[in-house]
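Please open the model in your viewer and keep the selection panel at hand. The stops below go from whole chains to single residues.

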Amino acid sequence: MTRRFPFITSEILTLNALMVASVLSLIFMNSLVAAPKVLFGRSLSAIPPSLFPSIVLVLLAGMCAATLIIVRTRITHSILEDRMGRTEWLRAVILFGIMTLYAMTMVPFGFLISTAIATALIALQMGARSVLQIGLVSFLGPVLLYLAATRLLAVSLPELNTIELFYADMLSLFASEAPAVPATPDASQ
Amino acid sequence: MIKNLTKKAFASLAVTGAALTASFAPAQAEYPEKPITMVIPLGAGGSHDLNARVITSIIPTYLNQAMIVRLTPGAGGQKGTQEVANAAADGYTLLFTHNYIDMLQQHVENLPYTPAEDFVTVARINYAPIAVAVQADSPYQTFEDLVAASKENPGGVQMAHSGNWGALFVPAAQMMKALDMQWNLVPYQGGGPALQALLSGDADVTMGFPSSLAAHVEAGKVRILATAGAERLYDDVPTFAEVGVEGDVGFMHRVVLAPAGTPEDVLATLGEAFKTLGEDKTFTRMMGRLGENIDIIGTEEYDAMRMEQSEAYKALVADLTGQ
Amino acid sequence: MIEQFTEGFAMAMRFDTMALVSVGLFAGMLVGSLPGFTTLMAMAILLPISFFLDPIVGIPFLLGIYKGGIFGGSVPAILISMPGTGAAVATSRDGYKLTQKGESRKALDMALFSSAFGDTCSDIFTIVMMFPIAYLVMQFGPPELFAVLLMSLVIIAATSGANPLKSLIMMMLGLWLSFVGTDPLGGVERFTFGLFDLKSGIPLLPMLIGVFALPEVASVIIRNEKSRQLAALVGERLSKAEFRRCLPTICRSTVIGTGIGIVPGLGQIVAAMMGYSAAKNASKHPETFGEGEIEGVAAAEAANNAVNGPTMVPLLTLGIPGDNVTAILLGAFVAQGLRPGPQLFEEQGATVFAILVAMVIANILFVAIGYLSIPFFARLVTIKTSVLIPLVIMFAFAGTYVFRSDATDLLILVAFGIFGIIAKAGRFDVMPMVMGFILGPSMEYAFGQTVAMSSGNPLGFFATERLGALAVLLVTPFIGYVLWKRLYGTPAKI
């Protein structure tokens, strides 16, 4: 079962995992779903909070079992099978490793630094070797997006205080050189 | 005509533009030197959102910095509140919330923060009194009729509210307690859907703020039976106190809070800005159109009110849940 | 009524209205095309501007942002399989396949024309039938909503994916995920394991980007297509003949979308899915759906835009906004001194009709603006992948973050990305999961309300007072069976 039918395995694994998870959740339903609260001695919600989860989990477990039985009786050929070899899986692991790193560093490192690291790594993984191209993408991209998001769309992205103040200084320099026109949101969209 | 209009349009653009250009202004030595974020722990398009849009479009004039709205709904308001509780107490992260999330929730849930200790008031912006409403062709002509019917047939009267421990639920529960009656409380996803349930006949009674009920009252579709507060809002409609529901029942206070530990001078700057905002002509006109009042109250006064609220809600919750 | 309409029509024919509508359309399109930066945000930010404009200028301006934003949302859905909202999910299914075939321009054109067509028809229908629709809206309470939602889920499960059983499994998984967090009715925690981050539930946007976009992006890297482009060509523009071929589908979807717009609380997501399912069911070659069928794009886009007209009705006639977008419009109306409600038409009939006519004009302007912008959007996919893919990943992460400003959402995004790859490998269709996830909470809420209304006896309640809802519930299994039989009459393929 190692190299020949990896995707039938991944299908069966998923089904098994879902079935086990739903059966376990059904067994431990009482500790996973809190009891409804009470007001004037009556329940605060008309249906017990565990009603819908119970129905869904029973159906889920049952259908997983049924599908597993059908899958085992037929062996079909996977379309993706030929494409995902060991190198491919390795690339997937590296890629999602980079993305996890990106997710964990965005707030502590700020948007610019974390994005620059992540995009540069991904570009390198994809085989880009032009320093200029990588530099432009991983530096200009986040700077422009950050400024567009915080200044034009008025939403916040995480950023280090020093970098944020640097942006503010740069923009005020720019603004003091050309102060005449108040930026209208329409024009700036 | 067109010229006049373009002029108006430009004036308006300049106001909003101010919010944006404020961030382009030269850096100052003192607070605020960068845009201020105002977190709303509620969803987009609600009354807090609308109020905040008006506030943030005008307050940059007095702070010389933009104020950015950040909507962080979730877990009944706890998500956004916690975020501000954890934010740096430098005056750059504020919370725009209301008294039920702020002071009532701590008594019904386990919160990851302590409202009384983690927040200080910047300013109370305004408040809204709630009103009890029925359909115009309802058999309940007066509040007494409604109470009598509710006592006669416990749970037979359907009351539409906007969610457990929300702005409609709490006054309803207080009434049921005070008048010893029983309603069948049916939740809806907000005050709007609750009103729609009343209009379609699914619910017998609901509550609402005068700003949202007014159009229906004038159209003769809805009748108001009682309103919150000590003074009558409508000449022929009794107050809660007159019908036997005493205490601070049925007010929603919209309030701006800051994390505890925010420096005194920062709070003073903000407080001053909100106070002058309350007198701004454009601000009063726009809030008037939204049907909201303006009654700015400062740090000390509202902090004292918060303590009273906390005590009152604690007693209320203990009373209602019998714990 | 007629005079008011003609007066309103004349009022709407203004240069400044059209100019600002165009600005709004363009701004909305740009913002909407960034996933996570929702149209709603753009509307809320620009709302104060409308306060100072004439009502016939300010409100159409906001409507322009909204309409532009809906189309903007289908741009990344088609080009990089990144639907930013639930409404664009059905579009991305065939749209992205068309992009991979090098026909992105055609897909975008079709999205534009079918959107504008669906929207215009439903707007006109709404203007003419305003009061009958207002009456119909009042007939829908929680029991009816529950019945319709259940039927929608059955139809989605029966018509999506290659294997109905696996589609159902994914739908159940989606429902299960939707239970995580605070129970909407009773306010108690479910499946949170005591984690505060899970208390407000799993957010939708990381799920959408995670299961739809990241696996596609990843597969480019995994297959090591560094110097290639996502598609070498942007292809031809949409031809008249192709539009004509899809016209019956577009009309069907428009009717479905308009109908769903009348049911409060269903909205664009259900409309897009139902329009798509119906087109697939009616097609002579249902197997081409999901493989780059232009009709699929047309069906989804016409349906989700046709919702727009009727959703204005409760806002205008009752003053009750049905969703966040109409809530912002309510603010704009009120700030203009127009108070939506029963008396609006008596007091301000001409102005309201002028605004409604401006909605129709916005659609027409939109076709022109969209048609001119599409070539630029379409060219995106011809950028070298080693430049495009890192940027796409940056947008995915930034969009996820700005949605709720929560770093945990980024980890959820990566987790759904990994799940998406596994599901792809195991040939599970993630669409039913997403639909179950989106519709599950509404369905549970509506059921809870129904039980509360009936004082604990829902069966008797349906049978005595809610015959309409009962009829829908009874016919649901039958519809599900017929659809399943028609589309998968042969024994289930695994």
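The axes themselves are lines fitted to C-alpha atoms, for helices over the stretch in contact, and the angles run from 0 to 180 degrees between N-to-C directions. Residues are numbered from 1 along each chain as its sequence is written, while chains are lettered from A and ligands numbered from 1 in the order in which they are written. The model is predicted, so that local features need pLDDT of at least 70 and side-chain atom pairs count only at pLDDT 80 or more, whereas totals for chains, interfaces and linings use all residues.

**A helix pair in chain C**

Select residues 142-159 of chain C, which form helix 8, together with helix 19 of chain C: the two pack at an angle of about 155°, with their axes 8 Å apart. Helices here (H or I, at least four residues) and strands (E, at least two) are DSSP runs, numbered from the N terminus. Residues that make the contact (C-beta atoms, placed from the backbone, within 7 Å) include C:Phe146 and C:Leu149 of helix 8 and C:Leu439 and C:Met443 of helix 19. By class, this contact has 16 nonpolar, 5 polar and no charged residues, where Ala, Val, Leu, Ile, Met, Phe, Trp, Tyr, Cys and Pro count as nonpolar, Asp, Glu, Lys and Arg as charged, and the others, Gly among them, as polar.

**Where chain C meets chain A**

Next, show chains A and C together; 64 residues from chain C and 68 residues from chain A take part in their contact. Among the elements of chain C that each supply at least two residues to this side are helix 2 (15-32), helix 10 (204-222) and helix 19 (431-453). Helix 17 of chain C gives the most to it, with 12 residues, and the side of chain C that touches chain A divides into 46 nonpolar, 10 polar and 8 charged residues.

**The core**

Now select A:Leu60, C:Met43, C:Leu62 and C:Val434, which touch the most other members of the largest nonpolar core, a set of 322 residues. Such a core consists of buried Ala, Val, Leu, Ile, Met, Phe, Trp, Tyr and Cys residues joined through C-beta atoms within 7 Å; a residue is buried if 20 or more other C-beta atoms lie within 10 Å of its own, exposed if 12 or fewer, and partly exposed in between. Leaving aside neighbours within four places in sequence, C:Val434 is in contact with C:Val89, C:Gly174, C:Met207, C:Leu208 and C:Val211.

Is C:Ser81 buried or exposed? This residue, in the loop between helix 4 (55-80) and helix 5 (89-100) of chain C, is buried, with 23 other C-beta atoms within 10 Å, and its phi is near 55°, a positive value in a residue other than glycine. C:Phe191, in the loop between strand 2 and helix 10 of chain C, has phi near 50° and is partly exposed, with 18 other C-beta atoms within 10 Å.

**A last stop in chain B**

Finally, select B:Gly278 in helix 11 (residues 264-279) of chain B, which is partly exposed and in contact with B:Ile294 and B:Ile296, leaving aside its neighbours within four places in sequence.

Key. Contact = placed C-beta atoms within 7 Å.
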